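Dear colleague,

I am passing on the structure we spoke about, together with some notes on what I found in it. Please have the sequence and the model open beside this message as you read.

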Amino acid sequence: MANFKSGYADPVLENPCSKVTKSSVSAGVCMMNTTWRDQQHPSFISFISSFLAANSFRLNFVPISPDFIFNCGGLSVAFIFVTKWDCGNVGTIFSRAKKLKAQFAHLYVTLNLPTRDQNDSFLCSYFKYEMQLGRPTFVPVQDIEMGFEKIVKIAHSCGVSKQQEVKSKLKAERNQSVQELENFIRVVTSIPGIDNHDANALNQAIGSIERIAKASKEYILETTDLSADKAETIDSSSRRRESHIFN
């Protein structure tokens, strides 16, 4: 998905509002607002369908609040897509953006601004309506096809970043678990006669060092394959430790 394929293979489909064919490997899911769809030219909806299909996205038409919601890599990214900028009616765009930014952690507003007057109008309106920089992020483009390609690239990039974040978190958790187990084995095997196998058996059956210290000889024999001598050694070691603490 690093290099996106062009979606203009067939500019006019027989049924532009049908779902794209599912790919064997899906890059994600794109949900399109049905009202937004009905306001666009059929050829543009065909372009969107073709572009998504070429890049292994599934397309669904849903009555959602934003114009698009992409689910990529376990992350939802919402978009407002203004394909026609009306210089005399911009208030609704900014009020909608303010409302949706409170509902979606990841919201982008893509604006088709092909003329200088439209671009100037956007810049003046941005400060007039006191928008916070980056909340949400506005993405000006010069044509609607470019706008949608940017939308897909943003959604994909957000999904990749999320996956990398999850992988890093899992790796850190695994490293922590390994370190905790190594510390556990080192402490338990410091008891005379207790080896790595015994420590692993105690970890699986009883758990923490604190719980092992409180376990009786009988309980250790019931829940592990340790010998009576080793269970007695652990029990005696725990009693000596408690006696040392209280004395």
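The mean pLDDT of the protein is 83, and 83% of its residues reach 70 or more. Over residues 6-24, however, the pLDDT is below 50, although this stretch still has 33 contacts in the model beyond its near neighbours in sequence. The pLDDT also stays under 50 over residues 243-247, and there the model has 0 contacts beyond four places in sequence. Where pLDDT is low, the predicted coordinates should not be read in detail.

Which residues of helix 4 are buried? They are Q118, S121, F122, S125 and Y126, and, seen down the axis of the helix, they fall within an arc of 135°, so they line one face of it. An α-helix has 3.6 residues a turn, so residues three or four places apart point the same way. On the other side of helix 4, R116, D117, C124 and F127 are exposed. The cover over the buried residues includes helix 3 (91-101), strand 5 (107-112) and strand 6 (137-141). After helix 4 comes E130, whose phi is positive, near 55°.

The loop between helix 4 and strand 6 holds Q132, a residue that is partly exposed, with a relative accessible area of 41%. Leaving aside neighbours within four places in sequence, Q132 is in contact with K101 and with Y126, the latter being one of the buried residues of helix 4. The C-alpha atoms of Q132 and K98 are separated by 9.5 Å, while the two residues lie 34 residues apart along the chain.

Elsewhere, R37 sits in helix 1 (residues 34-38). Is R37 buried or exposed? Its relative accessibility is 16%, and because buried means under 20%, R37 counts as buried. The side chain of R37 makes a polar contact with the side chain of D38, at 3.0 Å.

Key
Residues are numbered from 1 along each chain as its sequence is written. This is a predicted model: local features need pLDDT of at least 70, side-chain atom pairs count only at pLDDT 80 or more; totals for chains, interfaces and linings use all residues. Side-chain values use heavy atoms; hydrogens and water are left out. Buried means under 20% relative accessible area, exposed over 50%, partly exposed in between (1.4 Å probe, protein chains only). Helices (H or I, at least four residues) and strands (E, at least two) are DSSP runs, numbered from the N terminus. The arc is that of the directions from the helix axis to the C-beta atoms. Contact means heavy atoms within 4.5 Å. pLDDT is the predictor's confidence in each residue, from 0 to 100. A polar contact is a pair of N or O atoms within 3.5 Å; within protein, one must be able to donate a hydrogen and the other to accept it, and residues adjacent in sequence count only if both atoms are side-chain atoms.
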